[in-house]
Amino acid sequence: FMHRKWPEVNKYLVYFQNFTNTHDKVEVIRERYEQAINESGVVGINIGTRPDCLPDETLAYLAELSDRMHVTLELGLQTTYEKTSALINRAHSYQLYVDTVKRVRELAPKVEIVSHLINGLPGETHEMMVENVRRCVTDNDINGIKLHLLHLMTNTRMQRDYHEGRLQLLSQEEYVSIICDQLEIIPKDMVIHRITGDAPRDMLIGPMWSLNKWEVLNAIDQEMERRDSWQGCKLEVAQ
């Protein structure tokens, strides 16, 4: 499918994105991955998972894999605040994430680490969201980051919290301001893999403005230009 769309492209990264893709015995994981990476043209693999689903034997396999091709491990963190983590039933601590990053560095040093954060989680202020990024990229040895907006979806506990007034959704203006503040403290050599996201329209309660992804991206560009700002500029001033 991808080759028909872009016939000049002949190299691919396999992306195990949805769900927790190291949540099984290493024998099963190996079988699934090897089937995918043996497809013609595959030069690497991206693996989405959680800090609490990476036992040593799985990391040993990823280390072996990283000797053969490019490997990126995407760790869902979402927040560095324990109160928020408990509220959204994340079921692991920030400290476990920190320890997991260190274990990956020790056991699979060639593997690139990308961390996920969500802006707009219940109870988190603008300042807390910026601090999430500072902790994530300054206090941990990672290669990239994904920044995402909280999407309120149907058939979730947050839906009830929203209707009962315990959850406030970000406006586009608020989100753009938060993102720009976060960009200014992310090192300029760090890859930003995502800066916004969208969700299935038929399952999304809000914010509905998030469906217009290009409008959001353009608004971020415009705000950075208005500020005469760029990725990592606050770090340059501090130095």
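Leaving aside neighbours within four places in sequence, which residues is Arg-134 in contact with? I looked this up first: Asp-139 and Ile-185, where contact means heavy atoms within 4.5 Å.

**Ground rules**

I am working with a predicted model, in which local features need pLDDT of at least 70 and side-chain atom pairs count only at pLDDT 80 or more, while totals for chains, interfaces and linings use all residues. I number residues from 1 along each chain as its sequence is written, and side-chain values use heavy atoms, with hydrogens and water left out.

**Entry: Arg-134**

I find Arg-134 in helix α6; helices (H or I, at least four residues) and strands (E, at least two) are DSSP runs, numbered from the N terminus. Arg-134 is partly exposed, because its relative accessible area is 31%. The scale I use is buried under 20% relative accessible area, exposed over 50% and partly exposed in between, with a 1.4 Å probe and protein chains only.

**Entry: the largest pocket**

I noted a volume of about 1200 Å³ for the largest pocket. Of its 34 lining residues, Phe-19, Gln-78, Arg-90, Ile-118 and His-148 are the closest to the centre. Elements giving two or more residues to this lining are β2 (42-49), β3 (70-78), β4 (112-119), β5 (144-149), β6 (152-153) and α7 (157-163). By class I wrote down 15 nonpolar, 12 polar and 7 charged residues.

For my own reference, the search runs on a 1 Å grid over the protein atoms alone; a pocket is an open set of points where a 1.4 Å probe fits, with protein on both sides within 12 Å along at least five of seven lines, and lining residues have an atom within 4 Å of a point. Grid points are joined across faces, edges and corners, and the volume is the space filled by probe spheres set on the points. Nonpolar covers Ala, Val, Leu, Ile, Met, Phe, Trp, Tyr, Cys and Pro; charged covers Asp, Glu, Lys and Arg; the others, Gly among them, are polar.

**Entry: the second largest pocket**

I have about 160 Å³ for the second largest pocket. It is lined by 14 residues, with Leu-121, Glu-124, Met-129, Gln-168 and Leu-170 nearest its centre. Helices α6 (126-138) and α8 (172-183) each give two or more residues to the lining. The lining holds 6 nonpolar, 5 polar and 3 charged residues.

Is Glu-124 buried or exposed? Glu-124 is buried, because its relative accessible area is 8%. I place Glu-124 in the loop between β4 and α6. Not counting residues up to four places away in sequence, Glu-124 touches Thr-79, Tyr-81, Thr-84, Met-129 and Asn-132. Its C-alpha is 9.7 Å from that of Lys-83, 41 residues apart along the chain.

Thr-84 lies in helix α4 (residues 82-87) and counts as buried at 4% relative accessibility. Leaving aside neighbours within four places in sequence, Thr-84 contacts Thr-79, Leu-121, Pro-122 and Glu-124.

**Entry: rings**

I count 4 aromatic pairs. Rings of Phe, Tyr and Trp (its six-membered ring) pair if their centres lie within 6.5 Å; planes under 30 degrees apart are stacked, over 60 edge-to-face and the rest tilted. Phe-16 and Tyr-33 make a tilted pair, 4.9 Å centre to centre with 55 degrees between the planes. Phe-16 sits in strand β1 (residues 12-16) and Tyr-33 in helix α2 (residues 26-37), 17 residues apart. Phe-16 is buried at 19% relative accessibility, and Tyr-33 is buried at 1%.

Tyr-175 and Trp-209 are tilted too, because their planes are at 45 degrees, with centres 5.8 Å apart. Tyr-175 is in helix α8 and Trp-209 in the loop between β8 (204-206) and α9 (213-227). I also noted one aromatic cluster of Phe-16, Tyr-33 and Tyr-61.

Most residues other than glycine have a negative phi, and most peptide bonds are trans. The bond from Gly-206 to Pro-207 is cis, with omega near -5 degrees. Ala-91 has a positive phi of about 75 degrees and is exposed at 64%. Asp-228 has phi near 55 degrees and is exposed at 61%.
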